[in-house]
Amino acid sequence: MDTVTGCCGTGRGDLPGAPTDAAPAPGTRTVAGAADPSPRSPLVEVPAGSFWMGSEDPDGFPADGEGPVRQVSTRAFAIAAHAVTNADFAEFVEATAYRTDAERFGWSFVFHLLVHPRARRHVMAERVPGAPWWRAVRGATWFAPGGPGSDVARLADHPVVHVSHADALAYAGWRGARLPTEAEWERAARGGLEGAVYPWGDELTPGGEHRANIWQGRFPEDNTEADGWLGTAPVDAFAPNGWGLYGTSGNVWEWTGDLFSATYHRHDKPATRQDPRGPRYGQARVVRGGSYLCHHSYCNRYRVAARTSVTDDSSLGHTGLRVVVER
């Protein structure tokens, strides 16, 4: 399987001995402020056109299939200016009584420094091989992101997390939208900058200014929070790119609609160059953008061309979504 484990992503199947049958989660989904959700994300119109997709940056990960750099065209589409927030998702749950996969399975992955003190007794003994900083926490859900005892009362404008691919599809469908293709996501994320490393240019912190919510310090134990955040940040905490999209580098990984392959797009054929939709078959899904856990010493996948994969049934404390509307 092509799934990449570590700070970037991990799947339920990567946790030895973890329960695989869905079960009720403890706690409730009461959300302060859910009756008065924040406005939906404005849409950014992206005209039909082409761009140079991918990267052959020596700091990249060739095994992820970041390259080759190739010219790709997309049809016109409209994409949300920022990731779906907790308030947005609360509105969806209030209207539909939807239960996420994390609720049905009864647990989800939480970064070890973000486990709520009252949730420590709900931490499962199993560890992800090679990524011990992930904790499988019973009762961790979108409305209790740190496990039982935590809530999103003060995180209404933060991106929703602990959502699986099925949860992302359900939300998008309710909004009359869909998930972006990988090509759409990267084109919009670049904001018109061809070949740039980041959505704002080639320098990570121009003039010493932090432009994204990523890890600073010694991963995974010491985060200096120089950018202001340990976990998620508000979806508009940093300046937008040239097209008005927020958070396309760091904060949370975002689901796309494409199945993952490290080699499929290396074939020079229309299906991989003209409004590509990814391979027809695969065992994991592409996620893009990086997260608050990405760090240059280990997982510098906050670069705009970086990609990784996660299995569809997985839910993590650093993965959310952004939606697209057809034009």
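The legends below describe an overall view and close-up views of a predicted protein model.

**View 1. The whole protein.** The protein contains five helices and 13 strands, both taken as DSSP runs numbered from the N terminus (helices H or I, at least four residues; strands E, at least two). Its radius of gyration, 18 Å, is close to the 20 Å given by the globule rule for 327 residues, so the protein is as compact as a globular protein of that length. That radius is taken over C-alpha atoms, and the rule is 2.2 Å times the number of residues to the power 0.38. Along the principal axes, the C-alpha atoms fill a box of roughly 50 × 45 × 40 Å.

**View 2. Strand β9 and its cover.** Strand β9 spans residues 253-259, and six of its seven residues are buried (under 20% relative accessible area, with exposed over 50% and partly exposed in between; 1.4 Å probe, protein chains only). In the protein, buried residues make up 57% of the 327 residues.

**View 3. Pairing of β9 with β10.** Three bridges join β9 to strand β10 (residues 285-288), and the two run antiparallel. Strands pair if DSSP finds at least two bridges between them. Trp 255 stands opposite Val 287 of β10.

**View 4. Pairing of β9 with β12.** Strand β12 (residues 319-320) runs parallel to β9, and two bridges join them. Here Trp 253 stands opposite Thr 319.

**Notes.** Residues are numbered from 1 along each chain as its sequence is written, and side-chain values use heavy atoms, leaving out hydrogens and water. As the model is predicted, local features need pLDDT of at least 70 and side-chain atom pairs count only at pLDDT 80 or more, while totals for chains, interfaces and linings use all residues.
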